[in-house]
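Please look through the sequence and the structure shown here before reading on.

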Amino acid sequence: MMPSKTKIFSQIEKEVLSFHPEEITQERRAVLQPLIDYIQIKVSNQEEIRLNFICTHNSRRSHLSQAWAQTAASYFNISNVFCYSGGTETTALFPMAAQTLAKSGFKVKNLSEGSNPVYSIKYTDNEHPIIGFSKTYDDDFNPQAEFAAILTCSSADIGCPFIAGAEKRIPITFEDPKAFDNTPQQAEKYHERSMQIATELFYAFSQIKK
């Protein structure tokens, strides 16, 4: 994967260089193709690209996807990409998800305390930070129209047959690392899931012709 003009943090770039997109199965490539097609059409038409990653609680997979997709767009110098996340209900960004991003080189800063804290998540010095907190997918913070809804968990996929305002509904589901919470494997499994999400999203953005 060739880096872009945007300089992402060096530790994140080391993670990117460790990816093995050639190991993505044909089955998963087929799952990712609708996202590639959506982004390509927008790029070709010089339109803004809004991606809303949706999971049940907006606490783990949707945030990991939002952060890595925004980073991938910048890495491949694809402009006018705006990534969001949301849930079918509001909980909180799970601390281990934030810690997993930090261990991969993102600069994660806690902006507020409470039951649903707000985080600043930066992947480069010169771009706006990703603002991470749990919210419903139709929250005012997220786009209300002209976006792709990307379902990152099977329960949200089943529970949201229709998403108002979405131009495209794209299921790209991942297994939930929550199953390993409070176990010795927790950090390892969160990193493993984060790397899968990152590899697949970087592969998707690498396919875009500008």
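In the protein chain, residues 24 or more positions apart account for 68% of the contacts with a separation of 6 or more, a contact meaning heavy atoms within 4.5 Å. The model is predicted, so that local features need pLDDT of at least 70 and side-chain atom pairs count only at pLDDT 80 or more, while totals for chains, interfaces and linings use all residues. Residues are numbered from 1 along each chain as its sequence is written, and side-chain values use heavy atoms, with hydrogens and water left out.

The protein chain has six helices and seven strands, where helices (H or I, at least four residues) and strands (E, at least two) are DSSP runs numbered from the N terminus. Along the sequence they follow the pattern α-α-β-α-β-α-β-β-β-β-α-β-α. The C-alpha trace spans about 45 × 40 × 35 Å along its principal axes.

Of the 210 residues in the protein chain, 51% are buried, that is, under 20% relative accessible area, with over 50% called exposed and values in between partly exposed (1.4 Å probe, protein chains only).

The structure holds zero disulfides, a disulfide being a pair of cysteine sulfur atoms within 2.5 Å.

| Cysteine | Nearest cysteine sulfur |
|---|---|
| Cys55 | Cys153, 3.1 Å away |
| Cys83 | Cys55, 16 Å away |

Cys55 counts as buried because its relative accessibility is 5%, and Cys83 is likewise buried, with a relative accessible area of 8%.
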